[in-house]
Amino acid sequence: MTEGSILTDDFLRELINVGEVDILIGVPTYNHAGTVGQVVQAIRTGLLKYFPRQRSVIINADGGSKDATQELVRAASISDLQHGPSLHALRTLHSISTQYPGGPANGAALHTVLAAAELLRATTCVVISPDSTNIEPEWLESLLRPVSRDGIDLVLPLYRRNKFDGLLVRNLVYPMTRALYCKRVREPYPAEFAFSGRLGGYFLGQEIWSQEVARAGAEIYMTISAIAGNFRLAQSFLGTKTRVDHVPADLVPAMRQTVGVLFWSLEQNFSIWSAHPDSQPIPTIGAEHEVSLDPIRVNRKRLHQMFVHGVAELEPVLESILSAPTLAELQSAASVAEEDFRYSNELWVRTVYEFAASHHKSVISRDHIVQALVPLYRGKTHTFLLENQDASADEVESNVEALCLAFERLKPYLLEKWDGRK
Amino acid sequence: MSEWQKFVSELTQATHEIVRSIAQFLPRLIWTLIIVLIGWVVAYILKSILRSILRLVRFDKLSEHAGAAQLLKKAALPSFSELLSRFVFWVAWIGFILIGVSVLGIVGMQEHVARFFGFLPRLFAALFVFFFGLLASSFFSRAALLAAVNADLPSPRLISSTIRTLIIVFSVSMGFEELGLAEHTVLVAFSIVFGSLMLGLALAFGLGGRDLARRFLERRFVHEKKEEKEDELSPL
């Protein structure tokens, strides 16, 4: 899709009226009337407080909301802001809302934001999730300052999260990205992130925007693309990440958006990930990791049942993806009682790497390969919950680190499987 | 003229006729043999080219995905690309043999040759339908299996194999229809199989599996909401 086709005539006119800006804030929405007002309010306060002299614009890229999301964003103007006496608007803050074609998709929203950023020659851009109802004005400073002051190209967030939140990221996406792309990025699939105009232009020039992979998992693609393109990365601590109640806990789309794109990226960047040795930390502003220990209700028994059921029922599918020893180990693990069941780090890493290699070889439909990983991930989640049931924040961190090291240690195993050698 | 002379004259005439016939037939026979020989060479070249192309496009992998490779393995047959190459070889060679035979000038042969060549496109279309039917059945049955397992539905393999069977039966009946073989029988058989399957499922689900249906619906619409509330895990 060309840049011209994603920007409608009305949207283009509004952008031309705005003129050049220093900061562009992108807010992708779809039926977010309940939260977007609060988020936009915090963004405006943050801009007034920390960037009063900069020319700024809020771009709301909407996927066709049926509620009043767009009206709420459009209504946002500098005059109705309930700011304190110390906050003064030195510049007009523009707020534009547009509807991109093709229905709700994060990738299309991001594409719209990138195209607008290039047109307005924004030097610093930030994307804020409309679900982040606990956003503080300080988040903007934490994300934007490293770009505008330190010349960082991509600033990724760090959150204080419950120890059992974001388990797909902790057990697969973070360790695998870290092991293969050699950068310790804690949130490779960010909800909030800031980037330089230079990196924005680079993303926009990529030929992936018409592909399904960009529609589904543009955020992780951007992280990987920035690493592969040797851009400067940093991560900045923001605060507590709130739980989003209306987001379905359906694992299949989550797996497609993250693991599917990660697997896909391995093929594009083989020369990069196959050459790098060990992982390196990236500059971190604030705490690197904070874990809250509030109890969470989880039906662990059901997770185990779904794992056992999945291994048994998907045997013909798993046979074409996994090697015979790995499948035998999985079947043996699935045959023990719930209380004795453990999905070891080593077996999990081998499983994931064999899935990645099979995805590369397209042994069956690639989407089916990603879907077949879901029941196995449930088994790993069960073990993670069990092992960290009474763990302190440090113990949880040390367990995650052990898994990351297993992913790094077994990287040659992926290379071996990738080439098809036994 | 004596009887003996008459006999010798007729015998000589008959011999001349036979010799003339053989003299007329021999070049045609030689032409036939040449055509058959050229046909063999052409068919062999075609087979080799096709085999190379199929290897290049990894056709065996495609047939493996379609589930055709497993079927062939069970029947102790060679790979699908080998089978297709051999098929093309024989079709091409038989075509040349028939052309060669028609050169002999046997009465009615031309019609059979024309019919054979007229039948070839339909044969290829039927094979095409059957192969892509296998491919579709494999893809959709696997998709159904994965969806059913991930949604924690009961009997995922039953759902998957039902879909596979239906698509295979459908593609086979379409293939036979294309070939013009027992069109009505196949159509009626398909209707009976499909209809009885649906009726059987309806009866089994409605009468035999009333409890299962109730439990299933409850789990989907009542129990699942409760579990969603209980389960507070967020993957991302």
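**Two chains, two domains: a walk through the model**

Let me begin with chain A, where the domain assignment gives two parts, domain 1 covering 3-290 and domain 2 covering 300-419. Please keep in mind throughout that this is a predicted model, and that the values I quote are computed from it.

If we take the centres of domain 1 and domain 2 of chain A over their C-alpha atoms, they are separated by 30 Å. The two domains do touch, and the contact takes 25 residues from domain 1 of chain A and 23 residues from domain 2 of chain A. Which helices supply the side that belongs to domain 1 of chain A? On that side, H7 and H10 of chain A each bring at least two residues, and H7(A) gives the most, with ten residues. Sorted by class, the side of domain 1 of chain A that touches domain 2 of chain A is made of 14 nonpolar, five polar and six charged residues.

Let me step back to chain A as a whole, which has 18 helices and nine strands. Along the principal axes, its C-alpha atoms fill a box of roughly 65 × 45 × 40 Å. The radius of gyration of chain A is 22 Å, which agrees with the value near 22 Å that a compact globule of 422 residues would have. Of those 422 residues in chain A, buried ones make up 50%. If we look at contacts in chain A between residues at least 6 apart in sequence, 86% of them join residues at least 24 apart.

Now I would like to look at one pair of helices in detail, namely H5 (residues 106-119) and H9 (residues 212-228) of chain A, which pack at an angle of about 70° with their axes 6 Å apart. Because an angle from 65 to 115 degrees counts as roughly perpendicular, that is how H5(A) and H9(A) are described relative to each other. On the H5(A) side the meeting residues are A:Asn106, A:Gly107, A:Ala108 and A:Leu110, while H9(A) brings A:Ala214, A:Arg215, A:Ala216, A:Ala218 and A:Glu219. By class, this contact has five nonpolar, two polar and two charged residues.

Is A:Arg121 buried or partly exposed? It counts as partly exposed, because it has 13 C-beta neighbours inside 10 Å. A:Ser362, in the loop between helix H15 (345-361) and H16 of chain A, also is not a glycine and has a positive phi, of about 50°. A:Ser362 is partly exposed, with 13 other C-beta atoms within 10 Å.

Finally, let us turn to chain B, which has eight helices and zero strands. Of its 236 residues, 16% count as buried, and among contacts in chain B with a separation of 6 or more, 64% come from residues 24 or more positions apart.

How many residues of each chain are in contact with the other? There are 30 residues of chain A in contact with 20 residues of chain B. On the chain A side, the elements that give two or more residues are helices H7 (167-181), H10 (251-268), H12 (300-313) and H16 (366-387), and the largest share, five residues, comes from H16(A). By class, the side of chain A that touches chain B has 18 nonpolar, eight polar and four charged residues.

Terms used:
Residues are numbered from 1 along each chain as its sequence is written. Chains are lettered from A and ligands numbered from 1 in the order in which they are written. This is a predicted model: local features need pLDDT of at least 70, side-chain atom pairs count only at pLDDT 80 or more; totals for chains, interfaces and linings use all residues. Axes are lines fitted to C-alpha atoms, for helices over the stretch in contact, and angles run from 0 to 180 degrees between N-to-C directions. Helices (H or I, at least four residues) and strands (E, at least two) are DSSP runs, numbered from the N terminus. Angles under 35 degrees count as roughly parallel, over 145 as roughly antiparallel, 65 to 115 as roughly perpendicular and the rest as oblique. Two residues are in contact if their C-beta atoms, placed from the backbone, lie within 7 Å. Ala, Val, Leu, Ile, Met, Phe, Trp, Tyr, Cys and Pro count as nonpolar, Asp, Glu, Lys and Arg as charged, and the others, Gly among them, as polar. A residue is buried if 20 or more other C-beta atoms lie within 10 Å of its own, exposed if 12 or fewer, and partly exposed in between; C-beta atoms are placed from the backbone. Domain bounds come from an automatic or database domain assignment. The radius of gyration is taken over C-alpha atoms; the globule rule is 2.2 Å times the number of residues to the power 0.38.
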